[in-house]
2 protein chains.
Amino acid sequence: MSQRVYNFGAGPAMLPTEVMEEVQQEMLDYQGHGASIIEISHRAPPFLEILEETESIFRRLTGLGSSHVMFFMHGGAQMQFSAVPLNLMARKEKRSAVYLITGKWGVLAEEEARKFGSTRVALDGKPLGFQKIPEWEEVLDPETSYVHLTSNNTLYGTQWQEYPDTGKVPLVSDSTSDILSRKEDYSRFGLVYAGLQKNLGPSGLALVLVREDLLGLALPQTPKLLDYQLAHEQRSLANTTSVFSIYVTLKMLRWVEKQGGVAVMEQRNREKSKLLYDVLDDSELYKAVADPENRSICNVTFRLDDDEMEKRFLKQSLNEGLYALKGHRDVGGIRASIYNSMPLEGVKALADFMKDFERRET
Amino acid sequence: MSQRVYNFGAGPAMLPTEVMEEVQQEMLDYQGHGASIIEISHRAPPFLEILEETESIFRRLTGLGSSHVMFFMHGGAQMQFSAVPLNLMARKEKRSAVYLITGKWGVLAEEEARKFGSTRVALDGKPLGFQKIPEWEEVLDPETSYVHLTSNNTLYGTQWQEYPDTGKVPLVSDSTSDILSRKEDYSRFGLVYAGLQKNLGPSGLALVLVREDLLGLALPQTPKLLDYQLAHEQRSLANTTSVFSIYVTLKMLRWVEKQGGVAVMEQRNREKSKLLYDVLDDSELYKAVADPENRSICNVTFRLDDDEMEKRFLKQSLNEGLYALKGHRDVGGIRASIYNSMPLEGVKALADFMKDFERRET
């Protein structure tokens, strides 16, 4: 086997080698069943046990209680851009939702929601190039169906540090890129969703947490598999779910627990990101993209002087086994995604490379 | 490693051991990239190459030409129960579709379609307990948006032998359980969809083939990720797809090609199913469920005298390494799913067991 690289891709993202090794070992024969988990019915006990343990570990890791139900839904976070308005718009007769837009995913979420009700953009980071999350405080119309935000903005490397108070209006968070990366009281949200492929497992599904009183409100035109009430009643099995995605997610959650839980993850993520931000702040060459007050502990973004220099940086980093550092195609520059699975050693290697590169090239 | 069993489950179904071994080998390091394919961006060349080869092998295997586009969509066949009417109802102003119902999946497809237009059940096998596919011939109202059928009915083991002529009205087929199991001119359909987890690969996605003139007709309330036009334009990557599902599907398609293609698959499936039907027809104990004229080459279903006897059959078969023969929970009885991946030896073992069991128990 060749060496595994340090993979800084934003998602589908790297998974811990221990997790991948377990998946590999069980690929032909899951726990003596004589078949892979992907070859077994999603309604058979081996998979039902996986589903159940996944939920109980997630609840243990986050302290989420019975106020919220939890299930998986097909399609990742972007399917939730449709599912959220389909399920929540009808909470109030006006069918009107507020969107706080701090990056590309927020833009797309709001655009999609317009199909199913009216929307109002109450905060828009676009004029600031999404490098900063503007302050936001507002007395909300209580007839607002919900308020939507994106907790962490992968493209720009910004992250909400403190969530706004929306009173009785449910707050909805797209937490795809920072779920389980820091301690969070998810029960304060009406709804939380997260595509799996960054902090949880392989792509294909979203994890959805819904406060119980928000179930059963789906619009009549909601496609069956996007109906939260049904997904909850059927415990993620309204149809054949992506068995492999949940199977690997369970292993990932066990791994997080074994490492010491979310508090330990947060501490490591703070340490990892600080290593990189310190390099940026000490540098003449690198320019941090995100405003210091909104810096993400999951994605660290920066620019170099020009395209030429960035290309050189990317080429040389790849030679050092530092993989997928190229920024998102819409933004350019450099992005290091350092989710839970990225070990401290990987980030140290990157920080060292960055310092070397600057010494060498300037 | 323990012995791999013969897995007769209806889906997620068994995959060839060769395919599973390749997946296992590459799990930590896909072709020297130092990362698994599930850890790599869906927009990076390694995955784009997979996507492209998947399409070209599928087209080569089926002879499908440029009349139809092909893409993958999240959610399996049941998501298509919504996507089909969302995309095709507006083809005609009346927004009216015809459903030919030959089993449980047809029932559910029709129910879902009512959300998005009007439907008419023109053929209903229910009074016959779905054991037979009734004759159907009708001069269709040309203002019909489409006609929908299910090509193979997993629960009852029936299969359309000859598809009806719907003239200029597009015929839509849910081909989940028999795609690539027999030679088929898919270009005769307006639309074909198939959840992957029976004949193609792991669960999570549907393969969709759409005749080009049926693109771009989606209703305004179509969730973005269910819009065929967008899925086509974005070549299955309107968002992060289920990378693993497509990756394994490619290996499965390569395997089919290596075996000699769909004609060879069909020949083997006919041979395998005949082995079992011969046992049924020679038996005093076993009662075939499906009418001889509609027998499926993918799922062979039968009953024994009573529940007690069926339980004994299932218990003893399991001891022989013949796995997951229990019929669908809605139907009961015994079901042997013998998709492309099931080797002849597995079916022979089952046929032998059935004969032994009858000798022993009667």
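Let's start inside chain B, where α2(B) and α6(B) make a left-handed crossing. (A crossing is called left-handed if the near helix is turned anticlockwise from the far one by less than a right angle, and right-handed if clockwise.) Helix α2 of chain B covers residues 45-62, and its axis lies 9 Å from that of α6(B), at an angle of about 40°. Axes here are lines fitted to C-alpha atoms, for helices over the stretch in contact, and angles run from 0 to 180 degrees between N-to-C directions. That angle makes α2(B) oblique to α6(B); under 35 degrees counts as roughly parallel, over 145 as roughly antiparallel, 65 to 115 as roughly perpendicular, and the rest as oblique.

Among the residues making this contact are B:F47, B:I50 and B:L51 of α2(B), and B:V243, B:I246 and B:Y247 of α6(B). The contact residues split into 12 nonpolar, 2 polar and 3 charged. Ala, Val, Leu, Ile, Met, Phe, Trp, Tyr, Cys and Pro count as nonpolar, Asp, Glu, Lys and Arg as charged, and the others, Gly among them, as polar. "In contact" means that the C-beta atoms of two residues, placed from the backbone, lie within 7 Å.

## What you are looking at

This is a predicted model, in which local features need pLDDT of at least 70 and side-chain atom pairs count only at pLDDT 80 or more, while totals for chains, interfaces and linings use all residues. Residues are numbered from 1 along each chain as its sequence is written, and chains are lettered from A and ligands numbered from 1 in the order in which they are written.

Chain A has 9 helices and 14 strands. Helices (H or I, at least four residues) and strands (E, at least two) are DSSP runs, numbered from the N terminus. The C-alpha trace of chain A spans about 60 × 60 × 30 Å along its principal axes. Its radius of gyration is 21 Å, which agrees with the value near 21 Å for a compact globule of 362 residues. That radius is taken over C-alpha atoms, and the globule rule is 2.2 Å times the number of residues to the power 0.38.

α6(B) has another partner: α1(B) packs with it at about 140°, axes 10 Å apart. The two are therefore oblique to each other, and α1(B) passes α6(B) in a right-handed crossing. B:E18, B:V19, B:E22 and B:V23 of α1(B) meet B:V248, B:K251, B:M252 and B:W255 of α6(B). That contact has 5 nonpolar, no polar and 3 charged residues.

Then there's α7 (residues 262-281) with α9 (residues 344-361), also in chain B, at about 5° and with axes 9 Å apart. That makes α7(B) roughly parallel to α9(B). Their contact includes B:R268 and B:E271 of α7(B) and B:L344 and B:V347 of α9(B), and its residues divide into 8 nonpolar, no polar and 5 charged.

## How the chains pair up

Across the interface, 60 residues of chain B contact 60 residues of chain A. On the chain B side, α1 (17-25), α3 (76-88) and α6 (243-259) each supply at least two residues, and the residues of that side comprise 25 nonpolar, 28 polar and 7 charged. Since 100% of the interface residues of chain B are also interface residues in chain A, the copies meet through the same surface.
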